[in-house]
Amino acid sequence: EEEKKVESGEEEEEEEEEEEGKREVKRVLVIGGSGGVGSWCVRYLYKFKQYFQPVVLTRNATRAKEVFVKLDLNDVDFVEGNVTNKETLKDPISSCQFVIFASGGTDIFGSNSFKGVDFLGVKNVADVIKEVEDEDKQDRKLVLVSSAGVTQSLMSFGMNVMGGYASYKKKGE
């Protein structure tokens, strides 16, 4: 009987299944995960929940949860934070192996400005990742979602007319 298992490859399949069961689920922090592009990232990660646990960093966890309940995505973690405030970033970043920055400013001035989110917010996240890595000696990967036309002068000119959107995106890159 043992020979039949080896010949048919059943034993190898069983070992592969056991190894997959032992695979660590990677936590992925999605900054701006309740927005348009960010929620798409979360939905995609959710399809592979045996490998990834999405963690949404949002300014309002209650509102963000409502979005994902409507999408029937119930195994998503939420944490409140703001890229303009480094203090709120350290714990969520240290609990994750990957960070997707899919947030974007929507205002010319104020706490959700292009400068505050698309430039300084990206800098804050990168600084905190470096700080956390120095402390725990674990590498993290950062994926920055930017915008089409940021590096193309004619397109970025149009996007810069209203408050410097493209120039702050490019500085963030």
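Visitor: Is K90 buried, partly exposed or exposed, and what is its relative accessibility?
Guide: Welcome! This is a predicted model. Buried means under 20% relative accessible area and exposed means over 50%, with partly exposed in between. K90 therefore counts as partly exposed, at a relative accessibility of 29%.

Visitor: Which side chain meets K90 in a salt bridge at 3.6 Å, N to O?
Guide: Side chains of opposite charge can pair when their charged atoms come close. The pair links distant parts of the chain, with K90 in helix α5 (residues 90–94) and its partner in helix α6 (residues 114–136), 41 residues apart. The partner at 3.6 Å is E131.

Visitor: And what is the N to O distance in the salt bridge of K90 and E135?
Guide: E135 counts as exposed, at 52% relative accessibility. This pair also joins helix α5 to helix α6, the two residues being 45 apart. The N to O distance between the side chains of K90 and E135 is 2.9 Å.

Visitor: Which residue forms a salt bridge with D134?
Guide: D134 is partly exposed, with a relative accessible area of 41%. The closest N and O atoms are 3.0 Å apart, and the partner is K130.

Visitor: Let's turn to V28. Is V28 buried or exposed?
Guide: V28 has its place in strand β1 (residues 26–31). Beyond its neighbours within four places in sequence, V28 is in contact with several residues, including L45, F52 and I100. Its relative accessible area is 2%, and the cut-off is under 20%, so V28 is buried.

Key: Residues numbered from 1 in each chain as written. Predicted model: local features only at pLDDT ≥ 70, side-chain atom pairs only at ≥ 80, totals over all residues. Heavy atoms only, no water. Helix = DSSP H or I, 4+ residues; strand = E, 2+ residues; numbered from the N terminus. Buried < 20%, exposed > 50% of the residue type's maximum accessible area, 1.4 Å probe, protein only. Contact = heavy atoms within 4.5 Å. Salt bridge = Lys/Arg side-chain N within 4 Å of Asp/Glu carboxyl O.
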